[in-house]
Every structure is written in C-alpha cells, then in structure tokens.
Amino acid sequence: MEYKLFDDYITLQALLKEVGIIQSGGAIKSFLQENQVYFNGELETRRGKKIRIGDTITLPNQKLEILLTAPNEKDRGEHEKELLEKRRVATLVKEMNKNIKKSKSTTVNKKANKSNKKAPIRFPGI
C-alpha cells in the first residue's frame, strides 16, 4: 500500500490512524504491545517515531506494508483545495458558535432583567 505524504513527516501514531488500522490516537499503546510494527525492517515500539518519504512500515500480523511516497502536482493541488475547504468550514462553524453564544447570553440577560423586576421573596413571619 502506498501512502502519499504531503508534509515533511508523519508520526507512526498518526499514520496508523490515517490508514484506519487504529481508531484513535489513544489506541496506539495497546496496539504496539499486541502487534509487531517494523520501520524500514527494524522493530519499532515508539508511537511518535517520525516517518518520512521513502520509509516503509510493515505490519506482519495484518499482512500489510505501507510505503510513504511523495505526491504528484495533481495530488498536491487537490490536497490544497481540501485544506482550504476545511479552513472555510472551520471559520463558518466558529462564527456560528459565536453567534449562538451571543444569542444565548442576550436571552440570559433578558431573563435576569425580568427576574430583577419581580417582588422580593417574602418569608412567613417577617
């Protein structure tokens, strides 16, 4: 299997998560204890091992070999478009959350103003 690396490196943990071998970053410790992972032919137990273009990760239990390759220009262009879209969506979500927070705070202030106008609580016998 080939994995196209768009950055300088990727950690072993992130790579295994990206290709779907582990579900979350927290699962890497138990995965490395239960499975053998080879980095360029040598047993690797560090989850933060930096993997670069040209390196090979071998998982004998899963019968899988991952070769990190450089993307071509077309792949780089598509990747840039995806990153721009992610940033655009993240900005929209932040703005929506900010607006929701503002509307909630004004609702709370209106409720607080109404409660201030009510008569004070009276206790029997006072």
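Student: Let's start with Tyr3. Leaving aside its neighbours within four places in sequence, which residues is Tyr3 in contact with?

Tutor: Quick ground rules: this is a predicted model, so local features need pLDDT of at least 70, side-chain atom pairs count only at pLDDT 80 or more, and totals for chains, interfaces and linings use all residues. Residues are numbered from 1 along each chain as its sequence is written, and side-chain values use heavy atoms, with hydrogens and water left out. Contact here means heavy atoms within 4.5 Å. With sequence neighbours up to four places away set aside, Tyr3 is in contact with Ile10, Leu15, Glu18, Val19, Ile66, Leu67, Leu68 and Thr69.

Student: Is Tyr3 buried or exposed?

Tutor: Tyr3 belongs to strand 1, where strands (E, at least two residues) and helices (H or I, at least four) are DSSP runs numbered from the N terminus. The cut-offs are under 20% relative accessible area for buried, over 50% for exposed and partly exposed in between, using a 1.4 Å probe and protein chains only. At a relative accessible area of 16%, Tyr3 is buried.

Student: How many Å apart in space are Tyr3 and Thr69, C-alpha to C-alpha?

Tutor: Thr69 sits in strand 7 and is buried too, at 15% relative accessibility. Not counting residues up to four places away in sequence, Thr69 touches Glu2, Tyr3, Lys4, Leu5 and Ile53. Tyr3 and Thr69 are 66 residues apart in sequence, yet their C-alpha atoms are separated in space by 6.0 Å.

Student: Zooming out, what pattern does the protein chain follow along the sequence?

Tutor: The chain has three helices and seven strands. Of contacts between residues at least 6 apart in sequence, 47% join residues at least 24 apart. Going along the sequence, the pattern is β-β-α-α-β-β-β-β-β-α.

Student: What order do the strands have in the open sheet of five strands?

Tutor: Two strands pair if DSSP finds at least two bridges between them. Strands of a sheet pair through backbone hydrogen bonds, either parallel or antiparallel. In this open sheet the pairing is mixed, and the order is 1-7-6-3-4.

Student: Which residue in strand 4 is the bridge partner of Phe39?

Tutor: Strand 3 (residues 38-39) pairs with strand 4 in the antiparallel sense, over two bridges. In the loop between these strands, Asn40 has a positive phi near 50° despite being a residue other than glycine; Asn40 is partly exposed, with a relative accessible area of 40%. Across in strand 4, the bridge partner of Phe39 is Glu42.

Student: And in strand 6, which residue is the bridge partner of Tyr38?

Tutor: Strand 3 and strand 6 (residues 56-59) run antiparallel and are joined by two bridges. Strand 6 also holds Thr56, which is buried at 18% relative accessible area. The strand 6 partner of Tyr38 is Thr58.

Student: Which residue in the hairpin of strand 6 and strand 7 takes a positive phi?

Tutor: Strand 6 and strand 7 (residues 64-69) are antiparallel over four bridges, and Ile57 stands opposite Ile66 in strand 7. Four residues lie between the strands of this hairpin. The one with a phi near 50° is exposed, at 78% relative accessible area: Lys63.

Student: About how much space lies in the largest pocket?

Tutor: On a 1 Å grid over the protein atoms alone, a pocket is an open set of points where a 1.4 Å probe fits, with protein on both sides within 12 Å along at least five of seven lines; lining residues have an atom within 4 Å of a point. Grid points are joined across faces, edges and corners, and the volume is the space filled by probe spheres set on the points. For the largest pocket that comes to about 210 Å³.

Student: Which element gives the largest share of the lining of the largest pocket?

Tutor: The lining consists of Tyr3, Lys4, Phe6, Glu18, His79, Glu82, Leu83 and Lys86. The largest share, four residues, comes from helix 3.
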